[in-house]
Amino acid sequence: MEDTYDAALDLLRRLNPKNVSKNLNAICSLAPDLTEDLLSSVDQPLEVRRCGKTSKDYLTCDYNRDGDSYRSPYSNEYDPPLSDGTVPSEALRKLEVTANDAFDIYRDLYYEGGLSSVYLWEMDGGFAGVVLFKKVSSSATKGNGDWDSIHVFEVEYKGRTAHYKLTSTIILNVVTTSSALGKFDLGGNLTRQVEQDLPVEDELSHIANIGRMVEDIESKMRNQLQEVYFGKTKDIVCDLRSLGSLSTAREDRKLQSEVVSNLARA
């Protein structure tokens with residue numbers, strides 16, 4: 001079973017990340033015994049549902065799923081309904097509602113649109129949760145793009161401080177089409193993990209601490225995506241086909257070498 005599971009993960013890593021949901025469903029249909037393990041370990045683009053009670057849209061992932069039902073962060077109810085679905089305690093649910101309000105403000109500041117959802121659950125010695133962001137951009141001139149952020153965190157109580165472990169994944173897909181350049185399709189994901197011990201005054205301190213950690217790691221990952229996705233792509237294209245003539249490039253390199261040599265002798 002373990003060899004089959006590792007083989008499935010290896011196969012998913014080698015396939016087009018844009019089709020991860022389709023490929024994951026295909027593998028689960030071939031190996032049903034791996035379904036729960038794969039769904040809990042493979043990040044895939046977030047889906048949107050509408051809360052039947054509040055008519056608000058929310059994001060779904062494995063962390064608010066119970067069987068084939070998903071829990072709404074607004075009504076705290078499952079769709080389709082579940083009589084024995086897992087829900088947070090009263091105190092944690094109150095913190096969950098506050099966290100959803102706080103990260104909705106964060107979403108508006110940094111994404112200027114899109115959706116956000118936060119889900120919390122109990123664990124021994126503390127609690128855990130996930131912060132989700134999704135934005136879809138569609139433009140006839142600029143192309144289409146999908147951004148999914150999944151921030152899974154664990155909080156361990158340690159007296160007047162708490163230990164936070166944050167695992168963040170960003171899934172990015174960009175598609176542009178033009179008559180001059182044709183179709184450009186770029187997709188992939190990036191995962192990073194950080195741990196910190198931070199002071200805690202009350203329960204609301206957890207939201208502030210997690211918020212700062214999410215803000216910091218998202219900014220760093222955004223810059224890394226800019227460098228890896230687009231910087232490396234530009235470097236490869238320039239290696240394949242220079243914008244200027246080769247003779248001009250050789251002259252530039254020769255001039256650069258002469259300048260460096262003169263500076264070294266000076």
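I looked up Ser139 and found it opposite Gly143 in β8. Fourteen is the count I noted next: 14 bridges join β7 (126-139) to β8 (143-158), and the two run antiparallel. Strands here are DSSP runs of E, at least two residues, and helices are runs of H or I, at least four, numbered from the N terminus; two strands pair if DSSP finds at least two bridges between them.

This is a predicted model, so I kept in mind that local features need pLDDT of at least 70 and side-chain atom pairs count only at pLDDT 80 or more, while totals for chains, interfaces and linings use all residues. Residues are numbered from 1 along each chain as its sequence is written, and side-chain values use heavy atoms, with hydrogens and water left out.

Next, the whole sheet. I read it as open, five strands in the order β6-β7-β8-β9-β10, with antiparallel pairing. β6 (115-123) and β10 (182-199) are the edge strands, each pairing on one side only.

Then the helices. I see α4 lying across β6 and β7, at about 150° to β6; α5 packs on the sheet too, touching β7, β8, β9 (161-178) and β10. Contact means heavy atoms within 4.5 Å. Angles run from 0 to 180 degrees between N-to-C directions, with axes fitted to C-alpha atoms, for helices over the stretch in contact.

How do α4 (90-110) and α5 (204-240) cross? Their axes come within 10 Å and cross at roughly 30°, so I call them roughly parallel (under 35 degrees; over 145 is roughly antiparallel, 65 to 115 roughly perpendicular, the rest oblique).
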